[in-house]
Amino acid sequence: MQKTQFYTIMYKKEGSSCFTEHCKIHVLYKMAFIFLAGGSFLIMNISFAKFDFSIKFLEPATVNNYPVFVLRSVLGMQLRKMCCVVSRRRVENTDNGTTENGFVKCADCMYSATCAYSKIFETIIPKENMILAGTERASHPFAFTQNSKYTFKQKTIDSFDFSITLFGEAIKYLPYIYAAFVRAGRAGVFKERAPFVITDVKCNGSSILIDEENIQTDIPGRTIAFEHDAKTKAGEVLVELNSPLRFKTNGRYTTDFTAAEFFRALHRRAKTLCTLYGDGNVENYDSNCCKVRIEERKLRWHDYSHYSARQKNAMELGGAVGSFKLSGEFSSMELFLLEVAQNCNAGKNTNFGLGQIKVWKNLQ
């Protein structure tokens, strides 16, 4: 079996909605990888599907906030309206299963294990977990990216293009996400409640939009898999940060990070995604062995203001934007991390559209 043939079979099966079938394919995937790697392997993978949305406003819309923030907000609001069957039922016992406003918490809801809103926007996990010990919420199984050439200098927009990337089992919730955006378009967005319609939805360059109410749902996921190779590849990689890359170095956010610190941040993100939504057999990254350096650093700090309805206050979501060049000898892990970052975003707040990365490789 050739490697390309194996991947084609795997992609088709990843789209299965049957959990049992998914588990079987996962096992077959490992067996096939052993065969392809000659019997020895370290596996680390993440499955995902990227959906490109194009929306058109019925009239030019006045922009009063970063559009991706607004789209994320209305997606969550409409998903909750569509899916939640208990949020409007008040509970008298405030010591058990209620929030401050008296509504049932998602973590205490009997429907949370199958609810699209809970899975996508709450992402509840046990406190005793491998990734974020002590917390009950994990990184959400989606990331936004902006495709339009929008800048804050524009006061109005006629249309907007964006993508939402879904990870692992979240791919099967695409119909809910599409329906939520349809409802958001009817309700309107921004301060003036500007209505919009979805003109197209694409996956892998092909339209999956059937009509205003329907899209194709049998979408196969793509898998990025790490295959260990002791050999390094010398050369250069140009990294472009198209939205703020936000991660801490020595306890603070900065644009003055090293190549090793950059790859360490990418590894944290990949480890979280692979454990939660892919394969949990995660290989560590030893940044002390990094043989890559940053050259031609052209970075600046950029802040976006965001009002959190949950925390009831305004916050700045900022990070590094611009470009830099990586030069040196790249390990197979570092090249894998760059591919994950380019497809799944990097750093913190990726579900707000932060951490959009593009890379261009020139390797021997």
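**Charge pairs and ring pairs**

Colleague: Why is Glu295 called partly exposed?

Modeller: Its relative accessible area is 25%. Buried means under 20%, exposed over 50% and partly exposed in between (1.4 Å probe, protein chains only), so Glu295 is partly exposed. This is a predicted model, in which local features need pLDDT of at least 70, side-chain atom pairs count only at pLDDT 80 or more, and totals for chains, interfaces and linings use all residues. Residues are numbered from 1 along each chain as its sequence is written, and side-chain values use heavy atoms, with hydrogens and water left out.

Colleague: What makes Glu295 and Lys325 a salt bridge?

Modeller: The term requires a side-chain nitrogen of Lys or Arg within 4 Å of a carboxyl oxygen of Asp or Glu. For Glu295 and Lys325 the N to O value is 3.9 Å, so the pair qualifies. Glu295 is in strand S12 (residues 291–308) and Lys325 in strand S13, so the bridge ties together parts 30 residues apart in sequence. Strands here are DSSP runs of E with at least two residues, and helices are runs of H or I with at least four, both numbered from the N terminus.

Colleague: Which residues are joined with these two into one network?

Modeller: Salt bridges with shared partners join Glu236, Arg293, Glu295, Glu296 and Lys325.

Colleague: How do you know whether Lys325 is buried or exposed?

Modeller: Lys325 has a relative accessible area of 14%, under the 20% limit, so Lys325 is buried. Glu236, at 32%, counts as partly exposed.

Colleague: How many salt bridges does a search of the whole structure find?

Modeller: The search finds eight. One of them joins Glu169 and Lys172 at 3.4 Å, N to O.

Colleague: And the aromatic pairs: how many does the structure hold?

Modeller: There are 25. In one of them, Tyr117 and Phe121 have ring centres 6.0 Å apart and planes at 5 degrees. Rings of Phe, Tyr and Trp (its six-membered ring) pair if their centres lie within 6.5 Å; planes under 30 degrees apart count as stacked, over 60 as edge-to-face and the rest as tilted. The pair is therefore stacked.

Colleague: Where are Tyr117 and Phe121 in helix H4?

Modeller: They are four residues apart in helix H4 (residues 116–122), a separation of about one helical turn. Tyr117 is buried at 7% relative accessibility, and Phe121 is buried at 8%.
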